[in-house]
Amino acid sequence: MALIVYGGSVSPFVRKVRVVLTEKGVDYALEQVNPFTPPPEFLAISPLKRIPVLRDTDRPEPNTLPDSSIICDYLEHKFPKPAIYPADPFERAKALWYEEYADSVMAQNIGSGLFFERIVKKMMRGQPDETVCQKTLTEKLPPLFDHLEKEIGSKEYLAGGTFSIADISIGTMFVNFVHCGETVDAKRWPKLAAYVARIHARPSFKKMLDEETPIVQRFRAA
């Protein structure tokens with residue numbers, strides 16, 4: 001297998017890379033890595049101690065790349081069709097902005113304020129702090145959802161008029177939101193709710209959801 005993705009399957013960043021690979025029809029192998037207790041050999045290829053890392057065995061060593069955004073950009077150049085970055089320079093920049101928005105503020109709030117509490121803590125045999133979750137749901141996430149509701153407007157996709165890295169990045173964060181037992185309130189954010197449902201219905205996302213849901217449900221029920 002030429003491409004190997006190292007990382008945990010329920011990570012939104014690992015999922016982002018896997019969705020890109022699936023959309024492009026590229027075969028790869030997934031090697032599970034727990035970011036909290038990574039093996040020494042993983043630390044040697046991930047300077048920031050984060051997942052995912054991609055290895056391209058078609059290349060001579062060193063042949064690894066860390067960071068989901070760097071990996072996705074590499075995959076776009078290595079496998080340009082179908083494109084997942086808009087061709088227009090401005091729309092490409094907009095798509096990169098949405099990727100940054102997802103990877104930073106959305107990841108911080110959905111990840112730390114919800115997914116870590118309800119899923120990761122149980123994986124580590126800890127107890128969730130539901131007060132943190134409720135503060136996230138009632139105070140921290142609504143302004144982000146308000147912004148996305150406005151940005152989506154009447155568009156089907158966020159940037160360039162077509163499915164892109166923007167939709168993959170935003171969509172993967174909402175997978176973790178769904179894994180926590182939550183859904184976007186369609187009465188308060190109708191456009192965002194319809195957008196998330198549309199993105200998650202794509203075969204690439206549905207494949208990830210079908211694979212991951214039994215894993216997280218086991219811990220949610222614990």
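User: In this predicted model, how is the 38% relative accessibility of D67 to be classed?

Analyst: Buried means under 20% relative accessible area and exposed means over 50%, with partly exposed in between. D67 has 38% relative accessibility, so D67 counts as partly exposed. D67 lies in the loop between β4 and α3.

User: Is K24 buried or exposed?

Analyst: The cut-off for buried is under 20% relative accessible area. K24 has 8% relative accessibility and therefore counts as buried. K24 is found in the loop between α1 (12–23) and β2 (29–31).

User: What does the side chain of K24 reach?

Analyst: The side chain of K24 reaches the backbone oxygen of P82 at 2.7 Å. Neighbours within four places in sequence aside, the contacts of K24 include L75, E76, F79 and P82.

User: Where is E117, and is E117 buried or exposed?

Analyst: E117 is in helix α4 (residues 89–123). Its relative accessible area is 7%, so E117 is buried. The side chain of E117 makes a polar contact with the side chain of K121 at 3.0 Å. Leaving aside neighbours within four places in sequence, E117 is in contact with S112, P128, D129, V132 and C133.

User: Now helix packing. What describes two packed helices?

Analyst: Two packed helices are described by the angle between their axes and the distance between the axes. For α1 and helix α3 (residues 68–78), the angle is about 10° and the axes are 9 Å apart. Angles under 35 degrees count as roughly parallel, so α1 is roughly parallel to α3. F13, K16, V17, V20 and L21 of α1 make the contact with S68, S69, I71, C72 and L75 of α3. By class, that contact has 7 nonpolar, 2 polar and 1 charged residues.

User: At what angle do the axes of α1 and α8 cross?

Analyst: The axes of α1 and helix α8 (residues 203–220) cross at roughly 130° and come within 9 Å. That makes α1 oblique to α8. The crossing is right-handed. On the α1 side, the contact is made by R15, R18, V19, T22 and E23; on the α8 side, by S204, F205, M208, E211 and E212. These residues divide into 3 nonpolar, 2 polar and 5 charged.

User: How do α4 and α6 pack?

Analyst: α4 and helix α6 (residues 165–179) pack at an angle of about 10°, with axes 9 Å apart. That makes α4 roughly parallel to α6. Among the residues that meet are A95, Y98, M106, I110 and L114 in α4 and I165, A166, M173 and F177 in α6. By class, the contact of α4 with α6 has 16 nonpolar, 3 polar and 2 charged residues.

Definitions and conventions. Residues are numbered from 1 along each chain as its sequence is written. This is a predicted model: local features need pLDDT of at least 70, side-chain atom pairs count only at pLDDT 80 or more; totals for chains, interfaces and linings use all residues. Side-chain values use heavy atoms; hydrogens and water are left out. Helices (H or I, at least four residues) and strands (E, at least two) are DSSP runs, numbered from the N terminus. Buried means under 20% relative accessible area, exposed over 50%, partly exposed in between (1.4 Å probe, protein chains only). A polar contact is a pair of N or O atoms within 3.5 Å; within protein, one must be able to donate a hydrogen and the other to accept it, and residues adjacent in sequence count only if both atoms are side-chain atoms. Contact means heavy atoms within 4.5 Å. Axes are lines fitted to C-alpha atoms, for helices over the stretch in contact, and angles run from 0 to 180 degrees between N-to-C directions. Angles under 35 degrees count as roughly parallel, over 145 as roughly antiparallel, 65 to 115 as roughly perpendicular and the rest as oblique. A crossing is left-handed if the near helix is turned anticlockwise from the far one by less than a right angle, and right-handed if clockwise. Ala, Val, Leu, Ile, Met, Phe, Trp, Tyr, Cys and Pro count as nonpolar, Asp, Glu, Lys and Arg as charged, and the others, Gly among them, as polar.
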